[in-house]
Structure formats: C-alpha cells, structure tokens
Amino acid sequence: MKRRSTRSKLEFNCRAQVKELLRNVQLPNPWSMNNFIDQLETYRQREIDLCAFLWTPGSATGAWHPYATHDVIAYAENTTPAHQDHTIFHEVGHMLAGHAPRCVLSTTEAEGAAPHLRPAALNHLLSAESHALDEYEAELIATILLAQVAKIRPHGPLQRRVEAVFQ
Ligand SMILES: [Zn+2]
C-alpha cells in the first residue's frame, strides 16, 4: 500500500469532496456566486446568508457562522469580485469539510500552512488558536472550486473591457 502524507491525503479528500459537490450542484454559466449558493442551499437543505461587510486593514476578510437554522458567510464588500468568490469558497470549504466554525488564520499563518496557495482570502482572525490543517483544507477546496469557475469564466473583467472597446 502506498503511504500518503497528511497533506496529500487532504488533497485527495478535498478533490473527492468537490467532485461529490459538483455532482449535485452545477456551477452556473454564466458564473454567479448567488446562483451557486442558491443551489448549495437546496443541496444541503439549509439556508446560507451571504453578508457583505466593510473590510478594514488588519481585520478578517471572511467568516462563517452556523446558526441553528441557517449558515451565515460574511465577506468583504470593498474588494474585487474574484477575491469575494475566493473568500466565500473558502468558507464553503469549511462547511463542506465539516469543520468547527473557527476560521482563525492571519495571512502570515496562512502562508505557512499553504505556501503554494494564494493567501488573499485567508486573513481570518476569529479566535486565539490556530487550526492550520483546517485552513489548508478549506483553502484547497476554494482553490479547486476557483479553478472550475475559471473554466467557465476564462476572461477577466479587464479583458472583457478590452474586448468591448474593439467590438
Ligand atoms: Zn478559514
């Protein structure tokens, strides 16, 4: 039997979780996070409220809080749509993986946990403790989902603007 490291096991599990999710929830085309979350609600049979908040430097860029009847995902409104998608997917990653709601990383810790991944969405400072593997797993799920969305949305906003000018 081939031995896997904890991280490659996690990576394998994350891919399996996303695959299972995408069997039941389609990524909307054209891409819409709201539409995706609507489908996710139906799949999980649990409401998800997306709450925008005004981010200030040094504070968390996202958070997830499960209530008895529904989940709340908070994300920074004063950032790019791509960054918001990343934050929301990261929090969805925590939900899918069944983590305790304790997204805790600062950007520096996140870079340590997942050096080859983008730390942009990882500025979570919600408790005193660090849970690096949970963060790594949530970030992997977010990254895999973002890669899928990129296939639907190959052109970024800048390229779309450039195309519009030349039409
Ligand atoms: Zn997190």
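This is a predicted model: local features need pLDDT of at least 70, side-chain atom pairs count only at pLDDT 80 or more; totals for chains, interfaces and linings use all residues.
The buried positions of helix 1 are Cys-14, Val-18 and Leu-21. These residues are on the same side of helix 1 because the arc that they cover around the axis is only 60 degrees. The other side of helix 1 carries exposed residues, namely Ser-8, Lys-9, Phe-12, Ala-16, Lys-19, Glu-20, Arg-23 and Asn-24. Helix 1 itself comprises 19 residues, 6–24. From its first C-alpha to its last, helix 1 reaches 27 Å, close to the 27 Å expected at 1.5 Å a residue.

The 3 strands form an open sheet in the order 1-3-2, and their pairing is mixed. Strand 1 (47–53) and strand 2 (62–66) each have a single partner strand and stand at the edges, so one side of each has no neighbour in the sheet. On average, neighbouring strands of this sheet are turned by 15 degrees against each other, direction ignored. Pairing within a sheet takes place through backbone hydrogen bonds, in either a parallel or an antiparallel arrangement. For strand 2 and strand 3 (residues 70–76), the sense is antiparallel, and the pairing extends over 5 bridges. In strand 3, Val-72 is the bridge partner of His-65.

Technical notes
Residues are numbered from 1 along each chain as its sequence is written. Helices (H or I, at least four residues) and strands (E, at least two) are DSSP runs, numbered from the N terminus. The expected span of a helix is 1.5 Å times one less than its number of residues. A residue is buried if 20 or more other C-beta atoms lie within 10 Å of its own, exposed if 12 or fewer, and partly exposed in between; C-beta atoms are placed from the backbone. The arc is that of the directions from the helix axis to the C-beta atoms. Two strands pair if DSSP finds at least two bridges between them. Axes are lines fitted to C-alpha atoms, for helices over the stretch in contact, and angles run from 0 to 180 degrees between N-to-C directions.
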